[in-house]
Amino acid sequence: MKKIYPTAAEALDGLLHDGMFIAAGGFGLCGIPELLLQAIKEAGTKDLTFASNNAGVDDFGIGILLQTRQVKKMISSYVGENAEFMRQYLSGELELEFNPQGTLAERMRAGGCGIPGFYTKTGVGTVIADGKEHKDFDGETYIMERGIVADLAIVKAWKADATGNLVFRKTARNFNPPAAMCGKTCVVEVEEIVPTGSLDPDSIHLPGIYVHRIIQGDHEKRIEQRTVRSA
């Protein structure tokens, strides 16, 4: 099965449609699938629902799709670095489903493992729990969260082999593995494709069974908050 594609547009060919549900990896601007997001923007696919920790910044990450009004709903944990995200949400232009970060990661992982739902204490007694099933275990109250299964997962990794085994570098190993797991189809962009068999099996963070298409590309790697000492 061919997994390596020459460009992001070709890797997404036949997968995109209006109204689809996409799970995206990354945290802030770290480990985001920037090439695939740009290709989605250029494709003009609209009415999208994204499950992602956040939406990047105004002109990078999912933020570029907010600018073009291609996103109708975000399932996210954090919106603080994206002014356009906040503006659209507060004006009622964008639907937002808040999720605690751990809950969102586990919802993705659960979906990828075939687990339809799970109970957690996180969010009990807050607006997060509104409308959700409550159940007591050992004298403690929990709420049920549903696993996420997305039409498409887009993630960024450091290295891949031709079979799709992935290695993530440092903090880019954040929401990328669970996001990759929960997509019916998973497309990955990487910095380097290495020969099959060259990766140490003990160093593989996500097995290729989850990965359907791969592209290699150059990445901008922006820094979200730059803090430096004075000269």
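Reader: If helices (H or I, at least four residues) and strands (E, at least two) are DSSP runs numbered from the N terminus, where does lysine 170 lie?

Author: Lysine 170 lies in the loop between strand 9 (166–167) and helix 6 (176–182). Before we go on, please keep in mind that this is a predicted model, in which local features need pLDDT of at least 70 and side-chain atom pairs count only at pLDDT 80 or more, while totals for chains, interfaces and linings use all residues. Residues are numbered from 1 along each chain as its sequence is written, and side-chain values use heavy atoms, with hydrogens and water left out.

Reader: OK, and what is the phi of lysine 170?

Author: Its phi is near 55°, which is a positive value in a residue other than glycine. Most residues other than glycine have a negative phi. Lysine 170 is also exposed, at a relative accessible area of 64%, where exposed means over 50%, buried means under 20%, and partly exposed is in between (1.4 Å probe, protein chains only).

Reader: Which loop holds aspartate 138, then?

Author: Aspartate 138 sits in the loop between strand 6 and strand 7, and these two strands form a hairpin with two residues between them. The phi of aspartate 138 is near 50°, again positive in a residue other than glycine, and this residue is exposed with a relative accessible area of 83%.

Reader: How many bridges join strand 6 to strand 7?

Author: There are four, and the two strands run antiparallel; two strands count as paired if DSSP finds at least two bridges between them.

Reader: Which residues in helix 5 are buried?

Author: They are Thr103, Leu104, Arg107, Met108, Ala110 and Gly111. Those residues cover an arc of only 165° around the axis, which puts them on the same side of helix 5, the arc being that of the directions from the helix axis to the C-beta atoms. Helix 5 is followed by glycine 114, whose phi is positive, near 80°.

Reader: How many bridges join strand 1 to strand 2?

Author: Three bridges join strand 1 to strand 2 (residues 48–51), and the pair runs parallel; isoleucine 22 has phenylalanine 50 as its bridge partner in strand 2. Strand 1 is likewise joined by three bridges to strand 8 (residues 150–161), again in parallel, and there alanine 23 stands opposite alanine 153.

Reader: And which residues of helix 2 are buried?

Author: The buried ones in helix 2 are Glu34, Leu36, Leu37, Ala39 and Ile40. After this helix comes glycine 44, which has a positive phi near 75°.

Reader: Last one: is glycine 164 buried or exposed?

Author: Glycine 164 counts as buried, because its relative accessibility is 0%, and it lies in the loop between strand 8 and strand 9. Leaving out residues up to four places away in sequence, glycine 164 touches Lys3, Leu206, Pro207, Gly208, Val211 and Ile214. Although glycine 164 and lysine 3 are 161 residues apart along the chain, their C-alpha atoms are separated by 7.2 Å.

Note on methods
Contact means heavy atoms within 4.5 Å.
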